[in-house]
Amino acid sequence: MTDEDTQHPQGVRAFFGPRAAHWDARFPGDGPAYAAGVAALGLRPGERALDAGCGTGRALPALRAAVGARGLVLGADLTPEMLNAAVRAGRDASAFLLLADASRLPVGDAALDAVFAAGLISHVPDPADSLAEWARVVRPGGRLALFHPVGRAALAARKGRALTPDDLRAEPNLRPLLAGAGWELVRYADEDDRYLALAVRRG
């Protein structure tokens, strides 16, 4: 299955559904990286955060710890099996789980303080549209973290591919894409052990 196949709802479910039960076992050392990615959002107690495309919910405990008992954490994913895996791991204790398309969220305008999206931007059919949707649900001054526990080069090597200039996650491509959707890129890191693009909602 190609990346293009996993950019549409049926392809996403077909790819991730059968892999959900063993997903965490494939990447057992990613926990600290997810915690660091969440920390970059600078969440405060009482704030409201969404993990878009939450998968098995690896970021949800860190998000809950950041916003505390008074805060709100949502986890949205398109694949029922992934959400079931999150429940089996007990991560539903940290968040309200939503079976939802992260590009069409059942969330009100400016309802959130932050969105965390791990490995998701490559699996949406229209990245500009998804970034605009995440801007819609975040208040002005809110934050967005596009994250992956390994950098672009390491991920490409894992898949046996070479980096290409048109990779939308490259800073020269991502910055204008974010700007067009209402975000300002304020931090960018693409290293072997993490990818992080942190943006602030303009307005």
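The buried residues of helix α5 pack against α1 (9-16), α2, β2 (72-77) and β3. Contact here means heavy atoms within 4.5 Å, and a residue is buried if its relative accessible area is under 20%, exposed if over 50% and partly exposed in between, using a 1.4 Å probe on protein chains only. Keep in mind that this is a predicted model, where local features need pLDDT of at least 70 and side-chain atom pairs count only at pLDDT 80 or more, while totals for chains, interfaces and linings use all residues. Numbering starts from 1 along each chain as its sequence is written, and side-chain values use heavy atoms, with hydrogens and water left out.

Back to α5, which spans residues 80-88: its buried residues are M82, L83, A85 and A86. They sit on the same side of α5, because they cover an arc of only 155° around the axis; that arc is taken from the directions running from the helix axis to the C-beta atoms. Just past the end of α5, G90 takes a positive phi of about 80°. The helix and strand labels are DSSP runs numbered from the N terminus, with helices as H or I of at least four residues and strands as E of at least two.

**The sheet**

Now for the strands. Seven of them form an open sheet in the order β3-β2-β1-β4-β5-β7-β6, with mixed pairing. The edges are β3 (96-99) and β6 (183-191), each pairing on one side only. Direction ignored, neighbouring strands of this sheet are turned by 15° against each other on average. Two strands count as paired if DSSP finds at least two bridges between them. Strands β6 and β7 (residues 194-201) are antiparallel and joined by eight bridges, with W183 standing opposite R201 in β7.

Helix α6 (residues 127-137) lies across β1 (48-52), β4, β5, β6 and β7, and runs at about 135° to β5. For these angles, axes are lines fitted to C-alpha atoms (for helices, over the stretch in contact), and angles run from 0 to 180 degrees between N-to-C directions. Helix α6 also holds E133, which touches A102, S103, R104 and L105, leaving aside residues up to four places away in sequence.

**Charged pairs**

A salt bridge is called when a side-chain nitrogen of Lys or Arg is within 4 Å of a carboxyl oxygen of Asp or Glu. That rule gives a count of 16 salt bridges. In one of these, the side chains of D24 and R58 meet at 4.0 Å, N to O. The pair spans 34 residues and links distant parts of the chain, with D24 in helix α2 (residues 23-26) and R58 in the loop between β1 and α4 (60-67).

R139 and D113 form another salt bridge, with the closest N and O atoms 2.5 Å apart. R139 is in strand β5 and D113 in strand β4, so this pair ties together parts that are 26 residues apart in sequence. In the R44 and E47 salt bridge, the closest N and O atoms are 3.0 Å apart. A network of salt bridges links R44, E47, R48, D113, R139 and R143.

**Aromatic pairs**

Rings of Phe, Tyr and Trp (its six-membered ring) pair if their centres lie within 6.5 Å; planes under 30 degrees apart are stacked, over 60 edge-to-face, and the rest tilted. There are four aromatic pairs by this rule. Y34 and F116 have ring centres 6.3 Å apart and planes at 55°, so that pair is tilted. Since Y34 lies in helix α3 and F116 in strand β4, the pair ties together parts that are 82 residues apart in sequence. Y34 and F147 are edge-to-face, at 5.1 Å centre to centre with 70° between the planes. Here F147 is in strand β5 and Y34 in helix α3, so the parts tied together are 113 residues apart in sequence. Y34, F116 and F147 form one aromatic cluster.

**Accessibility of some of these residues**

| Residue | Relative accessible area | Class |
|---|---|---|
| D24 | 24% | partly exposed |
| R44 | 45% | partly exposed |
| E47 | 7% | buried |
| D113 | 6% | buried |
| E133 | 11% | buried |
| Y34 | 8% | buried |
| F147 | 3% | buried |
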